[in-house]
Each structure stands twice: as structure tokens, then as C-alpha cells.
Amino acid sequence: INSIFSNYLYNFALIYINNILIFLFRLKKDYLTKVRKVIEQLIITRYYLDPKKYKFTIKSIKYLGFIIKNVGI
């Protein structure tokens, strides 16, 4: 799945197995644009999402054993 998102990796997305973390340090509008790009790429490559498993516009998340906040890890 990393090859599908090679243009996005470390620019605004991190991917580990089936976990996609989309991050931005700017405006919410920019964030929503990036989310749309990721979802469009998933559709093109026929990967499917379970909407119940996703959280959007949160300020803190546990990811791979780390707590990531808008101020850092």
C-alpha cells in the first residue's frame, strides 16, 4: 500500500499495514483536501474503507503505541 501513496508519504500521510494517518499543520481546509486525495486514491486502487473505523479532525491519537498530538509525540 505504500507504493500507492508514495507521493503522499511523509508529506501529509503515514501508512503502516492498514492504518493511514493523515496529518497537517495548517488550515482545516487543507486537511480536508488531503483526506479527499487519500480517499480518491483508495477508490482508484479498489481499496475499501470501513467508515466506522475512521476518526477525522482529532487533536490526539494513539498510533503504533505512541500518542501523537498536535504539539508533537
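Residues 24 or more positions apart account for 38% of the contacts (heavy atoms within 4.5 Å) in the protein chain with a separation of 6 or more. Please keep in mind that this is a predicted model, in which local features need pLDDT of at least 70, side-chain atom pairs count only at pLDDT 80 or more, and totals for chains, interfaces and linings use all residues. Residues are numbered from 1 along each chain as its sequence is written, and side-chain values use heavy atoms, with hydrogens and water left out.

**Overall build**

- The protein chain has 1 helix and 4 strands, where helices (H or I, at least four residues) and strands (E, at least two) are DSSP runs numbered from the N terminus.
- Read from the N terminus on, the order of elements is β-β-α-β-β.
- Along the principal axes, the C-alpha atoms fill a box of roughly 35 × 25 × 25 Å.

**Surface and burial**

- Of the 73 residues in the protein chain, 22% are buried; buried means under 20% relative accessible area, exposed over 50%, and partly exposed in between (1.4 Å probe, protein chains only).
- The accessible surface of the protein chain (Shrake-Rupley method, 1.4 Å probe) comes to about 6200 Å², and carbon and sulfur atoms hold 56% of that.

**Helix 1**

- Helix 1 covers residues 28-44, 17 residues in total, and spans 24 Å from its first C-alpha to its last, close to the 24 Å expected at 1.5 Å a residue (1.5 Å times one less than the number of residues).
- Its buried residues are Tyr 31, Lys 34, Val 35, Val 38, Gln 41 and Leu 42.
- These residues cover an arc of only 125° around the axis, so they sit on the same side of helix 1; the arc is that of the directions from the helix axis to the C-beta atoms.
- Strand 2 (19-22) is included in what covers the buried residues of helix 1.
- On the other side of helix 1, Lys 29, Arg 36, Ile 43 and Ile 44 are exposed.
- Just after helix 1, Arg 46 adopts a positive phi of about 65°.

- The whole structure holds 2 aromatic pairs; rings of Phe, Tyr and Trp (its six-membered ring) pair if their centres lie within 6.5 Å, with planes under 30 degrees apart counted as stacked, over 60 as edge-to-face and the rest as tilted.
- Phe 5 and Tyr 8 make a tilted pair, at 5.9 Å centre to centre and 45° between the planes.
- Tyr 8 and Phe 12 are also tilted, at 4.9 Å and 35°.
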